[in-house]
Amino acid sequence: MTTLKRRSWAEPFKIKMVEPLKMTTKEYRQKALIQAGYNTFLLKSEDVYIDLLTDSGTNAMSEYQWAGMMLGDEAYAGSKNFYHLEEAVQKYYGYKYLVPTHQGRGAENLISQILIKKGDFIPGNMYFTTTRLHQELAGGTFIDVIIDEAHQTEVEHPFKGNIDLQKLDDLIKKVGANKIPYVSVAGTVNMAGGQPISMKNIKQVRELTSKYGIKIIFDATRAIENAYFIKTREDGYQNKAIDEILKEMCSYTDGATMSGKKDLLVNMGGFLALNDYAIFEEARNMVVIYEGLHTYGGLAGRDMEAMARGIEEAVQFDHIRARIGQVEYVGEKLLEFDVPIVRPIGGHAIFLDAKQFFSQIPQIEFPAQTLAAEIYLDSGVRTMERGIVSAGRNKDTGDHYYPKLELVRITFPRRVYTQAHCDVTIESIVETFENRNNIKGLKMIYEPKYLRFFQARFERL
Ligand SMILES: *Cc1c(COP(=O)(O)O)cnc(C)c1O
């Protein structure tokens with residue numbers, strides 16, 4: 001007889017409406033894969049069985065959110081849904097002022113344009129693609145001040161998203177506080193695999209920056225997932241509610257950019273939240289240029305309503321426990337089969353280490369691209385490459401960048417897939433792993449100039 005290791009993380013909802021999926025054969029998928037040039041970004045969504053490409057905007061909304069969609073006040077100015085969203089952000093995040101934006105990058109554009117001057121430096125706990133780009137477009141330079149452990153895939157650390165206070169202090173002393181408009185703090189850290197930052201660390205960053213009069217802008221995109229890790233891993237927080245933890249995190253910062261497409265359980269939406277009236281005044285003025293009037297910011301009234309309701313649902317402990325529990329379930333099963341993954345398991349994704357997985361395939365033959373293609377071929381599960389293809393080329397030498405990490409990202413939409421879908425995914429990866437020595441790499445036959453991973457095409461060697 002075997003004994004239970006732990007009780008299930010099961011979902012706090014049942015299914016009311018279903019979206020049928022097309023079931024395909026291996027022969028069908030082989031054709032689709034060739035047509036897509038072995039690039040999972042080029043597959044048609046309808047040819048995908050389980051889509052684990054991203055958690056961005058792929059969430060399932062609840063009956064409460066869908067009911068809210070019918071209450072959309074589509075007035076050009078002063079929509080009642082804006083006021084509901086403002087109230088929800090004030091209540092749960094604790095910031096005073098709200099500017100809605102069409103998604104996270106809209107908020108990043110506004111805050112970067114307002115706070116960054118040419119020649120400034122913006123330290124942060126690892127870059128994120130759109131965040132860094134907006135900082136650079138505003139004339140700034142991003143400096144990574146995350147702890148070294150974040151870059152080491154085999155090292156276990158409960159808060160790999162922490163900022164290295166020494167690195168931050170050294171930078172302030174080197175360039176001067178007046179060259180640092182703000183520290184960019186993310187919770188959790190997407191590019192490190194969804195790794196959290198601790199409350200203690202955020203507090204210390206606040207103490208350090210206060211000494212120098214430097215602001216903190218919080219990338220709160222997955223702050224609720226971060227709050228769950230603080231509750232379950234950090235001393236003193238076991239008995240605190242998720243919303244209390246969220247509010248405390250935000251209280252150490254001066255403002256936040258938000259992509260509602262992640263934590264907030266919607267398909268589109270975002271916001272900029274601020275405490276300083278003067279900065280808010282400028283953001284409210286500028287949003288009109290890029291997004292729309294300050295009471296809709298590029299969103300329909302119904303979208304703001306769905307996001308306001310999404311906040312209320314996202315901070316429920318049972319929701320966030322099931323969300324992260326599902327990711328952990330898949331990760332732990334893969335570890336049982338000795339499949340190489342990045343540790344510890346993050347909040348929204350699992351990363352397969354393709355270099356270890358296909359030790360016979362050299363990096364120049366694209367092991368992670370190959371692995372994503374093989375998983376699709378085996379089961380119709382769609383994942384994405386995060387390795388040499390994503391890294392691109394060095395502009396000066398023309399050679400590929402050879403990143404240390406050659407990964408396949410398996411990302412989980414919220415409230416979308418069942419445990420049986422998870423099992424199909426696990427079985428497919430394990431079987432590909434068992435068959436790994438028979439698999440050959442790929443050759444790139446078409447390479448776009450910018451962000452090549454989206455449209456590059458490959459052939460089997
Ligand atoms: C997705 C994301 C963003 C950008 O948000 P969009 O809604 O895609 O514009 C910013 N930061 C992090 C950490 C993200 O994951």
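## Contacts of Gly 106

Contact here means heavy atoms within 4.5 Å. By that criterion, and leaving aside its neighbours within four places in sequence, Gly 106 is in contact with Thr 101 and Glu 291. This is a predicted model, in which local features need pLDDT of at least 70 and side-chain atom pairs count only at pLDDT 80 or more, while totals for chains, interfaces and linings use all residues. Residues are numbered from 1 along each chain as its sequence is written, and side-chain values use heavy atoms, with hydrogens and water left out.

Gly 106 lies in helix α4, where helices (H or I, at least four residues) are DSSP runs numbered from the N terminus. With a relative accessible area of 3%, Gly 106 is buried; buried means under 20% relative accessible area, exposed over 50%, and partly exposed in between, with a 1.4 Å probe and protein chains only. The C-alpha atoms of Gly 106 and Lys 215, which are 109 residues apart along the chain, are separated by 20 Å.

## Packing of α4 with α5

Two packed helices are described by the angle between their axes and the distance between the axes. Helix α4 (residues 104-115) packs with helix α5 (residues 129-137) at an angle of about 25°, their axes being 9 Å apart. That makes the two helices α4 and α5 roughly parallel, a term for angles under 35 degrees; the axes are lines fitted to C-alpha atoms, for helices over the stretch in contact, and angles run from 0 to 180 degrees between N-to-C directions.

In this pair, Arg 105, Glu 108, Asn 109 and Ser 112 of α4 meet Thr 130, Thr 131, His 134 and Gln 135 of α5. The residues of this contact divide into no nonpolar, six polar and two charged, where Ala, Val, Leu, Ile, Met, Phe, Trp, Tyr, Cys and Pro count as nonpolar, Asp, Glu, Lys and Arg as charged, and the others, Gly among them, as polar.

Asp 170 is found in helix α6 (residues 165-175) and is partly exposed, at 43% relative accessibility. Its C-alpha atom is separated by 39 Å from that of Pro 448, 278 residues apart along the chain.

Gln 356 has its place in helix α13 (residues 354-357) and is exposed, with a relative accessible area of 53%. The C-alpha atoms of Gln 356 and Pro 367, 11 residues apart along the chain, are separated by 9.4 Å.

## Cysteines

A search of the whole structure finds zero disulfides, a disulfide being a pair of cysteine sulfur atoms within 2.5 Å. Cys 250 is buried at a relative accessible area of 1%, and Cys 422 also counts as buried, at 2%.

Methods: Angles under 35 degrees count as roughly parallel, over 145 as roughly antiparallel, 65 to 115 as roughly perpendicular and the rest as oblique.
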